[in-house]
Structures are given as structure tokens and as C-alpha cells.
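Thanks for asking me to look over this model. Please have the sequence and the coordinates open as you read my comments.

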Amino acid sequence: MRDSRETIGPRAFVAGYPIKHSRSPLIHGHWLATYGIAGSYEKIAVTPSDFPDFIATLKTSASPYHGGNVTIPHKEAACLLADRADPLAEELGAANTLWREEGRLHAMNTDGIGFLANLDARQPGWDRAQRAVVLGAGGASRAVLQALRDRGIAEIHVVNRTLERARELAHRFGAPIEAHGMDSLASLIDGAGLFVNTSSLGMDGSEAPLLPFEQMKSDALVTDIVYVPLKTPFLRQAEEAGLNTVDGLGMLLHQAAPGFEKWFGRMPEVTEELRNLVLADI
Ligand code: ATR
């Protein structure tokens, strides 16, 4: 009997709990169709208590999957349970991409890669900024801080409502990251070259504070990793102040690309067509 895996090609998944709202199947489905690859990418709901067994099976060829993405709440467990995590994932303590290679389960974290690739694509030269201000200290902030540090930004300030969480990240990632409370935000923005919102402020149409973007450098960039809505209150304020802005949708698209290459053997392109397809679903 033929192995069904041969006939449908490699299979990959996105596992989360809940998983209903993931847009990853749309992205990978588009790439599979564009490149004429016989394969599949499926959403699967895996509860936290089932996750260790799910990973144990994935480590063996009994699993129908080559690998996949994991999302909330499995990113930390994926990093711990894989046989090998890459150095970025190891430092973050979280992974979003898994694949089996030579009988071992590998993990990496592509959030920082996606963040950088999006800015490189949409605003080349953005990394000449000397001072970056990052608002928020949740899971998303970690990957951004790590990426900015590794790109060599000279001064990086993480600002958070709960100062202790910002301090924990500054401690974890080291120089040049410094932690601050919200009361320092306006003065840090004054003269900065980059502002990144990683907090949930402004998400889903919620309120966001007015920030003095007009005091940033005239060639400064403001970006938001939130992409619902696409034009967040921070991006709107920055545009009104005449600054360059980059929305967060590209980070979602670019973070998906390295996994696709691992499972399906081809580095996919992030195109306007793909962007419009996902935009139509937002
Ligand atoms: P994620 O993992 O997606 O980054 P998270 O861990 O829930 O999500 O983090 C959300 C971030 O938005 C946090 O930095 C949070 O600040 P606290 O650490 O003080 O909770 C920030 N945030 C959410 N609502 C906020 C608000 N009303 N004002 C300021 N910051 C807010």
C-alpha cells in the first residue's frame, strides 16, 4: 500500500489553543498554491495537557507531520520539549517553528526575523536609528528587543506599565536595553529614531494615549506589531506628525517564511498579492 504522505506531500500544522483565528493557513496555503507544491498546512487545536504527547509523536516518523508552527499557549513548552532549539529561541525561552530533521525535532523562533525582515523590506535604512523606544514587555516585546539588540541599535529603551516586567527583560537581554515606566515615555520619544508598539494599546480599536511623535527625529520610523486594525492609533498619530510608518502585517507574513522553507523546501516570497489576501481577512 502506498503511504498517504507520498500522495499528498509534506504536511505541516499550526497548533494552538484556541486556534480558530490563526491566519497562518491562509499564508501557507497561498504559498503552496503559488509554487505548485503538493502539501498541506492545517490548523489543529491542542490543549496544554495534550501538548507533550503531541510533541512526543512529532519526534517520530509515526506523526503525519514534518513540522509546524506553535502559537499561544505552546511557545515556551515547544522550546523546552524540542531536541534542539536555535540560539535565538533558547535565549527567548520560546519557539514558534518546529521541524524534524535527521530524526531530531528542531525548534526556532522566527518572530524577530519577521520583525526585521518587514522593516528591511518596507523602510530600508531604518536601522540607522540611534535610539529605539519599545512600548510593552509581553511575549512579543522579547523578540523585538532581541532583534534590535542583535541588529546593533545603540540605545534601546523598553517602557512598560508594569515596570518590573520591563526590568526583567532589560536584565535578560542585557546592554544596551534599559527599562522605564510609562511616565518616561514622552521624554524618551523626544529625539528618538524608532518607536515600536508591542503593547495591546490600540488593539481592536481600543484607546491609546497621545504621544509627542512630532518630537522624534524627522526621519524617524514608527511601527506597530499590532495589525488589527492595520492602521493603529499610534501609526495614525505618527503619520499626522509627518513620520514614516510601517504596519505590523508584514511581520506576520515574514515570520512564516522560514518554516515554509523547512517543511516544503522553498523560501517563499512575501508579495503584495499575499498581503492583500490576508488583509481581506482582517
Ligand atoms: P503579548 O505576549 O502579546 O505581548 P501580553 O503579555 O499580554 O501580550 O502583553 C501585553 C502588553 O501590553 C504588556 O506590556 C502590557 O503591560 P503590563 O505588563 O503592565 O500588563 C501592555 N498593556 C496592556 N494594556 C495596557 C494599558 N491599558 N496601558 C499600558 N500598557 C498596557
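1. A word on conventions. This is a predicted model, in which local features need pLDDT of at least 70 and side-chain atom pairs count only at pLDDT 80 or more, while totals for chains, interfaces and linings use all residues. Residues are numbered from 1 along each chain as its sequence is written.

2. The sheet. Six strands form an open sheet with mixed pairing, in the order S2-S1-S3-S5-S6-S4. Strands here are DSSP runs of E of at least two residues and helices are runs of H or I of at least four, numbered from the N terminus; two strands pair if DSSP finds at least two bridges between them. Strand S2 (40-45) and strand S4 (84-85) are at the edges with a single partner strand each, so one side of each has no neighbour in the sheet.

3. Strand S1 (residues 11-16) and S2 run parallel and are joined by six bridges; arginine 11 has serine 40 of S2 as its bridge partner. Helix H11 (residues 249-264) lies across S1, strand S3 (67-70), strand S5 (97-101) and strand S6 (104-108), at about 20° to S5. For that angle, axes are lines fitted to C-alpha atoms, for helices over the stretch in contact, and angles run from 0 to 180 degrees between N-to-C directions.

4. Helix H2 (residues 24-34). Which of its residues are buried? They are Ser24, Ile27, His28, Trp31 and Leu32. Buried means 20 or more other C-beta atoms within 10 Å of the residue's own, exposed 12 or fewer, and partly exposed in between, with C-beta atoms placed from the backbone. Seen down the axis of H2, the buried residues fall within an arc of 130°, so they line one face of the helix; the arc is that of the directions from the helix axis to the C-beta atoms. Glycine 36, with a positive phi near 60°, follows H2.

5. The ligand shell. There are 14 residues around the ligand, and Gly138, Gly139, Arg161, Thr162 and Ser199 come nearest; a residue is near if its C-beta atom, placed from the backbone, lies within 6 Å. Helix H7 (residues 139-151) gives the most to this shell, with three residues.

6. Methionine 182. This residue lies in the loop between strand S9 (177-180) and helix H9 (185-189). Methionine 182 is partly exposed, because 15 other C-beta atoms lie within 10 Å. The C-alpha atoms of methionine 182 and asparagine 160 are separated by 5.8 Å, although the two are 22 residues apart along the chain.

Methods:
Two residues are in contact if their C-beta atoms, placed from the backbone, lie within 7 Å.
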